[in-house]
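The sequence and structure are shown first.

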Amino acid sequence: MMGEVVHKGIDEKFCSECGSIIKAKAEICPKCGVRQMPAPAASINLGPTAVNGKSRIAAALLALVLGGLGVHKFYLGQTGMGILYLVFCWTFIPALIAFVEFILLLTMSDEKFNQKYGGA
């Protein structure tokens, strides 16, 4: 009937082609024969995030890999410090400081990270 609302169960999904209700694990729709796309893979989880969405592990990795250019400072919202790192990157001093900050970020608790960089 037209206008009838159809509800799917927990173990069911709608076919991507014809819209029929099929089993959630079905690879091919039994009604239209179209292969169903697999569920998207989970994104990489870099641990808990602060209120503003910043991740302690992501900041630490940026400090390790691109810290000499101040990328981790830009990521954490400290634009002035990021520009300072960029200006002096040719001296390699920012790279040394960034390595120390990498270690500090890794050893820092999530609560302390949220207090310092969480923006809450």
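Rings of Phe, Tyr and Trp (its six-membered ring) are taken as a pair if their centres lie within 6.5 Å, and planes under 30 degrees apart count as stacked, over 60 as edge-to-face and the rest as tilted. By this rule, the count in the protein comes to 2 aromatic pairs. The rings of Phe99 and Phe102 have centres 6.0 Å apart and planes at 35°, so this pair is tilted. Both residues belong to helix 4 (residues 93–107), where they stand 3 residues apart, about one turn of the helix. Phe113 and Tyr117 also form a tilted pair, with 5.2 Å from centre to centre and 45° between the planes. These two residues are 4 apart in helix 5 (residues 110–117), a separation of about one helical turn.

| Residue | Relative accessible area | Class |
|---|---|---|
| Phe99 | 41% | partly exposed |
| Phe102 | 13% | buried |
| Phe113 | 2% | buried |
| Tyr117 | 10% | buried |

A further ring is found in Tyr75: Lys54 lies over its face, at 4.7 Å from the ring centre.

The model is predicted. Its secondary structure consists of 5 helices and 2 strands, in the order β-β-α-α-α-α-α along the sequence. Of the 120 residues, 25% count as buried. The accessible surface of the protein is about 8,600 Å², and carbon and sulfur atoms contribute 66% of that area. Among contacts with a separation of 6 or more, 31% join residues 24 or more positions apart.

Technical notes:
Residues are numbered from 1 along each chain as its sequence is written. This is a predicted model: local features need pLDDT of at least 70, side-chain atom pairs count only at pLDDT 80 or more; totals for chains, interfaces and linings use all residues. Side-chain values use heavy atoms; hydrogens and water are left out. Buried means under 20% relative accessible area, exposed over 50%, partly exposed in between (1.4 Å probe, protein chains only). Contact means heavy atoms within 4.5 Å. Accessible areas come from the Shrake-Rupley method with a 1.4 Å probe; for residues, only the protein chains shown count as cover. A charge sits over a ring if NZ of Lys or CZ of Arg is within 6 Å of the ring centre and within 35 degrees of the ring normal.
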